[in-house]
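Subject: Handover of a structure and findings

Dear colleague,

Please find below the structure that I am handing over to you, followed by an account of what was found in it.

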Amino acid sequence: MVTKSLLALLVSLMFLACSATEPSVAAGEKPSWIFDPNQGGVVGAVGQCGVHYKGKAMQRRLATSRAIEELAMQGDITVDSEMSVSTEVSGQHVKNRSKSKTFVSAKGVPVHAYIEEMYFDKKSETLYVWMIRD
């Protein structure tokens, strides 16, 4: 009996500890940081994710990952672009073709950041994560 009570208390404390470290989710209208993540002189980025077929945990993970990628791209990045244009003329017929490829790489860029705030838009079921660089 005592063992079950202690186990229940331990599980309750674990859930309480996990919820205390969770960033707050803003309520109401969309916060201004969604469109201006660099407020107050801080370097920030916003990641967002709509409904994910694997659930809320994956939605949050993807939104956080996108915010981290955005922060990394504000540092040292490499951009490689490749474009080709061709024109074929056959009598009165003209065919124009163009191909464009752009590769953006931010590998090796360390990102030290934390989640400042999250906002869940109930209408579109989109989660926004605002991350601030340390």
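Glu-125 is found in the loop between β5 and β6; helices (H or I, at least four residues) and strands (E, at least two) are DSSP runs, numbered from the N terminus. This is a predicted model, in which local features need pLDDT of at least 70 and side-chain atom pairs count only at pLDDT 80 or more, while totals for chains, interfaces and linings use all residues. Residues are numbered from 1 along each chain as its sequence is written, and side-chain values use heavy atoms, with hydrogens and water left out.

Glu-125 is not a glycine, yet has a positive phi of about 55 degrees. Most residues other than glycine have a negative phi. The hairpin of β5 and β6 that holds Glu-125 has four residues between the strands. At 40% relative accessibility, Glu-125 counts as partly exposed; buried means under 20% relative accessible area, exposed over 50%, and partly exposed in between (1.4 Å probe, protein chains only).

Overall architecture and confidence

The protein has two helices and six strands, arranged along the sequence as α-β-β-α-β-β-β-β. Of its 134 residues, 22% are buried. The average pLDDT, which is the predictor's confidence in each residue on a scale from 0 to 100, is 75 for the protein, and 70% of the residues score at least 70. Over residues 1-24, pLDDT stays under 50, and the model has six contacts for this stretch beyond four places in sequence; contact means heavy atoms within 4.5 Å. Where pLDDT is low, the predicted coordinates should not be read in detail.

Strand pairing

Strands β5 and β6 run antiparallel and are joined by eight bridges; two strands pair if DSSP finds at least two bridges between them. Within this pairing, Tyr-114 has Ile-132 of β6 as its bridge partner. Strand β6 is also joined to β2, by six bridges, and these two strands run antiparallel. Here Ala-45 stands opposite Met-131, and Gly-47 has Val-129 as its bridge partner. Both β2 and β6 are mostly covered: five of the six residues of β2 are buried, as are seven of the eight residues of β6.

Nonpolar cores

Which residues make up the largest nonpolar core? This core has ten residues: Ala-45, Cys-49, Ala-63, Ala-67, Leu-71, Ile-115, Met-118, Leu-127, Val-129 and Met-131. A nonpolar core is a set of buried Ala, Val, Leu, Ile, Met, Phe, Trp, Tyr and Cys residues joined through side-chain atoms within 4.5 Å. At least two residues of this core come from each of β2, α2, β5 (113-121) and β6. A second, separate core has seven residues, among them Trp-33, Ile-34, Val-46 and Ile-132.

Leaving aside neighbours within four places in sequence, Ala-63 is in contact with Gly-47, Gln-48, Cys-49, Leu-127 and Val-129. Thr-64 lies in helix α2 (residues 56-73) and counts as buried because its relative accessibility is 15%. Beyond four places in sequence, Thr-64 is in contact with Ile-115, Val-129 and Met-131.

Aromatic pairs

The structure holds two aromatic pairs. Rings of Phe, Tyr and Trp (its six-membered ring) pair if their centres lie within 6.5 Å; planes under 30 degrees apart count as stacked, over 60 as edge-to-face and the rest as tilted. The rings of Trp-33 and Trp-130 are stacked, because their centres are 5.3 Å apart and their planes are at 10 degrees. This pair links distant parts of the chain, 97 residues apart: Trp-33 is in the loop between β1 (25-26) and β2 (44-49), and Trp-130 is in strand β6 (residues 126-133). Both Trp-33 and Trp-130 are buried. The other pair, Tyr-119 and Tyr-128, is tilted because the ring centres are 6.1 Å apart and the planes are at 35 degrees. Tyr-119 is buried at a relative accessible area of 5%, and Tyr-128 is buried at 11%.

A residue of strand β4

Arg-97 lies in strand β4 (residues 93-105) and counts as partly exposed, at 49% relative accessibility. Apart from neighbours within four places in sequence, Arg-97 is in contact with Ser-84, Val-85, Ser-86 and Glu-88. The C-alpha atoms of Arg-97 and Ser-84 are separated by 8.2 Å, with the two residues 13 apart along the chain.

With kind regards
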